[in-house]
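Please look through the sequence and the structure below before reading on.

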Protein chains: 2
Amino acid sequence: MRFLYQHWLSPDCRAVRVVCEEKRLDYEVRVEKTWERRPEFLALNPAAEVPVLVEPDGTVVAGALPICEYLEEIAFDADLPLLGTAPAGRAEVRRLVNWFGQKFAREVTTLLLSEKIDKLFMGRGEPDSDAIRAGKKNLGPHLDYIAFLTERRRWLAGEHYSLADIVAATQICCLDYLDDVPWDKYEGARDWYARIKSRPSFRPLLADSIPGLPPPKHYADLDF
Amino acid sequence: MRFLYQHWLSPDCRAVRVVCEEKRLDYEVRVEKTWERRPEFLALNPAAEVPVLVEPDGTVVAGALPICEYLEEIAFDADLPLLGTAPAGRAEVRRLVNWFGQKFAREVTTLLLSEKIDKLFMGRGEPDSDAIRAGKKNLGPHLDYIAFLTERRRWLAGEHYSLADIVAATQICCLDYLDDVPWDKYEGARDWYARIKSRPSFRPLLADSIPGLPPPKHYADLDF
């Protein structure tokens, strides 16, 4: 069996789950309390971070992008190349993977998740309202950028659905779980996200419900 | 001609330069004052960040990792595969590229460079001594990790020199330019860095000298 060590509201882990679903790869999730720094887990990833994938043959792959690139290499699907096929197109996918996986994460998701969720579950005091305000303010230009791109292309990185869409959508999916996306103000981004939500690969994410923190009603709704 | 838009003390830009050198690709550097947000540059990379590579055919690639992956694809050298050849090995290279390019950068390089250099050149006030102290303190465990890895393997990610070595060395190279690496306390890491410094691909970096900010004497010395 393939094991994915993860957190439920981690966009990085969600991206790996969607890639596995798109490729119809079997896997089992194991929730890892990374802050406990379990020696067995540190042996898998000394960075003490999820996601970590352990393959049936024992191969260990750590980090969202290394895992997604690895899965694309070992389970390439010519009908759905998640990085594209030509070097320039792959570069554009990776640019946007970087944009949403790093820049968006730093400017938006990490601010909101670490204040609202990490502090709640780890008992680290009250959320910092300045950080939450900054995260919410930074979200707008990114949603506009999604609209800008998808007015010019069918998907974020070009005419084909790619890892860029997966990484952007899994960031946004976590924010939407917290009801932090003002969809009515961002129609272009909503149209794109509606197309993502309707993909079978996204269904397991929409079925997630964290004990003590249920999602808002529209979260799993395809017509939101 | 191939153009690399860059900053001189950017580890990301230096990694791209070393990859070009290893592959003997011609390129010309253009220093981009990203903070001026030149419209022509924003058209190349809306993230307003270096490095950006513009190929002779006009292809634009933005971001260190997308550029390095792109160059590996278009100019693959079977005698020097910078990502390795097997998926598990490539995953290990990418894990360590991530480690040094993201984690190390966040915990060490960005703290020291932004306090010491960005503030100096952009007139943003005095360096924050707490941030500098934190960056210096965080450096030690990373240098120990380099020693740990290279006691068990010839290079960081395995028996072969890889992009992981390039990314780690270009981070450290910038710190060494600021004389922030206490080499006498970290012999293992020094042995590895000495091997990197002796590679012809590293010579252009060791010849860098920023006006008004010359490197320390040992910076270009192969026996340091």
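A salt bridge is a side-chain nitrogen of Lys or Arg within 4 Å of a carboxyl oxygen of Asp or Glu. By that rule, two salt bridges are found across the interface of domain 1 of chain A and domain 2 of chain A. The model is predicted, with local features needing pLDDT of at least 70 and side-chain atom pairs counting only at pLDDT 80 or more, whereas totals for chains, interfaces and linings use all residues. Residues are numbered from 1 along each chain as its sequence is written, and side-chain values use heavy atoms, with hydrogens and water left out.

**Domains of chain A**
- An automatic or database domain assignment places domain 1 at 3-74 and domain 2 at 87-199 in chain A.
- The centres of these two domains of chain A, taken over C-alpha atoms, are 21 Å apart, and 13 residues of domain 1 are in contact with 17 residues of domain 2, where contact means heavy atoms within 4.5 Å.
- Glu69(A) and Arg94(A) join their side chains in a salt bridge of 2.7 Å, N to O.

**Helix pair in chain B**
- Helix 4 (residues 87-122) and helix 6 (residues 163-177) of chain B have axes that come within 8 Å and cross at roughly 10°, which makes helix 4 of chain B roughly parallel to helix 6 of chain B (angles under 35 degrees count as roughly parallel; axes are lines fitted to C-alpha atoms over the stretch in contact, and angles run from 0 to 180 degrees between N-to-C directions; helices are DSSP runs, H or I, of at least four residues, numbered from the N terminus).
- Among the residues that meet are Phe100(B) and Phe104(B) in helix 4 of chain B, and Val167(B) and Ile172(B) in helix 6 of chain B.

Methods:
Chains are lettered from A and ligands numbered from 1 in the order in which they are written. Helices (H or I, at least four residues) and strands (E, at least two) are DSSP runs, numbered from the N terminus. Angles under 35 degrees count as roughly parallel, over 145 as roughly antiparallel, 65 to 115 as roughly perpendicular and the rest as oblique.
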